[in-house]
Amino acid sequence: MIRSSLLIAAASVALSGCALLASPDPVQLYRFGGASAYAGTGATSACPDVHVAMRRVDFPEAARGDRILAVTGAEAAYIKGARWVSPAETLFEEALRNAFADGGTCTVLSGGPLTRDGLLLSVDVRRFEAAYAAPGAVPDANIVVLLRLIRPGDRTIVAEDRITVSESAGENRQSAIVAAFDRATAEVSRQIVLWTDQQGFRATRGS
């Protein structure tokens with residue numbers, strides 16, 4: 001009986017040890033897209049409404065989801081103990097739509113059917129990463145976006161461009177890196193709104 005009790009006690013200790021070892025590391029959740037994107041587009045105030053439908057924002061596979069991608073040279077990894085509160089592509093699209101709602105001078109971003117003279121906006125995010133010049137260095141939040149404005153009727157590309165924004169985190173800490181992504185997203189969104197206003201106005205005026 002004593003031997004059986006000792007074995008049971010030993011097994012209990014072993015199981016509790018396994019439970020401790022299997023406990024996941026704490027994860028801090030972050031979001032971006034809260035910074036104000038609109039600081040004035042400079043588009044003409046006399047422009048007609050340009051109705052634009054936006055495709056779902058496309059993201060690189062490595063940056064999709066809730067993990068925060070970090071790149072050092074040719075090496076890539078995810079920042080340990082930090083996650084986005086929602087998939088990065090969802091947060092980015094929400095921030096961009098809010099920027100259009102707050103700052104579009106010409107653009108009316110539509111979720112429904114396009115008007116006869118409407119345009120289609122394609123937003124292809126090619127990079128969304130914390131870039132390190134060297135291990136342990138202060139990273140930059142890098143965002144690269146390819147834009148296309150398309151006339152749906154004949155699939156004509158009205159305009160296309162590339163936007164690149166880089167914001168230094170200032171220090172190599174999770175909260176500082178997230179703040180850099182927030183600023184970079186706001187600036188990219190502002191530039192996309194400005195570009196869409198300008199190109200949409202030109203396309204409407206020329207049609």
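Trainee: How many residues does helix H2 have, and how far does it reach?

Mentor: This is a predicted model. Compare a helix's reach with the expected span. Helix H2 covers residues 88–103 and has 16 residues. From its first C-alpha to its last it reaches 22 Å, close to the 22 Å expected at 1.5 Å a residue.

Trainee: Which residues of H2 are buried?

Mentor: Look at accessibility, residue by residue. In H2 the buried ones are Ala 88, Leu 91, Phe 92, Glu 93, Ala 95, Leu 96, Ala 99, Phe 100 and Gly 103. Take Phe 92: its relative accessible area is 0%, so Phe 92 is buried.

Trainee: How many aromatic pairs are there?

Mentor: Look for rings whose centres lie within 6.5 Å. The count here comes to seven aromatic pairs. One of them joins Phe 32 and Trp 84. Their centres are 4.8 Å apart, with 75° between the planes, and the pair is edge-to-face.

Trainee: Why does the pair of Phe 32 and Trp 84 tie together parts that are apart in sequence?

Mentor: Check where each partner lies. Phe 32 is in the loop between strand S1 (28–30) and strand S2 (50–54), while Trp 84 is in strand S4 (residues 75–84), so the pair links parts 52 residues apart in sequence. Phe 32 and Trp 84 are both buried.

Trainee: Why is the pair of Phe 59 and Phe 92 edge-to-face?

Mentor: Read the angle between the planes. Over 60 degrees counts as edge-to-face. For Phe 59 and Phe 92 the planes are at 65° and the centres 5.7 Å apart, so this pair is edge-to-face. Phe 59 sits in the loop between S2 and strand S3 (67–72) and Phe 92 in helix H2, so the pair ties together parts 33 residues apart in sequence. Phe 59 has 3% relative accessibility, so Phe 59 counts as buried.

Trainee: Which residues form one aromatic cluster?

Mentor: Follow the rings as a group. Phe 32, Phe 59, Trp 84, Phe 92, Phe 128 and Phe 181 form one aromatic cluster.

Trainee: Where does the charged end of Arg 67 sit?

Mentor: A ring can also have a charge over it. The charged end of Arg 67 sits over the ring of Tyr 78, 3.8 Å from the ring's centre.

Trainee: Is Ser 189 buried or exposed?

Mentor: Start with its place, then its accessibility. Ser 189 lies in helix H3 (residues 174–206). Its relative accessible area is 1%, so Ser 189 is buried. Now the partners. The side chain of Ser 189 reaches the backbone oxygen of Thr 185 at 2.8 Å. Leaving aside neighbours within four places in sequence, Ser 189 is in contact with Ala 37, Ala 95, Leu 96 and Ala 99.

Trainee: Is Gly 136 buried or exposed?

Mentor: Gly 136 lies in the loop between strand S6 (119–132) and strand S7 (140–151). Its relative accessibility is 60%, so Gly 136 counts as exposed. Gly 136 and Asn 172 are 36 residues apart along the chain, and their C-alpha atoms are separated by 7.1 Å.

Trainee: How many contacts does the model have for residues 40–44?

Mentor: Eleven beyond four places in sequence, with pLDDT under 50 over residues 40–44.

Methods. Residues numbered from 1 in each chain as written. Predicted model: local features only at pLDDT ≥ 70, side-chain atom pairs only at ≥ 80, totals over all residues. Heavy atoms only, no water. Helix = DSSP H or I, 4+ residues; strand = E, 2+ residues; numbered from the N terminus. Expected span 1.5 Å × (residues − 1). Buried < 20%, exposed > 50% of the residue type's maximum accessible area, 1.4 Å probe, protein only. Phe/Tyr/Trp six-rings, centres within 6.5 Å; stacked < 30°, edge-to-face > 60°. Lys NZ or Arg CZ within 6 Å of the ring centre and 35° of its normal. Polar contact = N/O pair within 3.5 Å; in protein donor to acceptor, adjacent residues only side chain to side chain. Contact = heavy atoms within 4.5 Å. pLDDT = per-residue confidence, 0-100.
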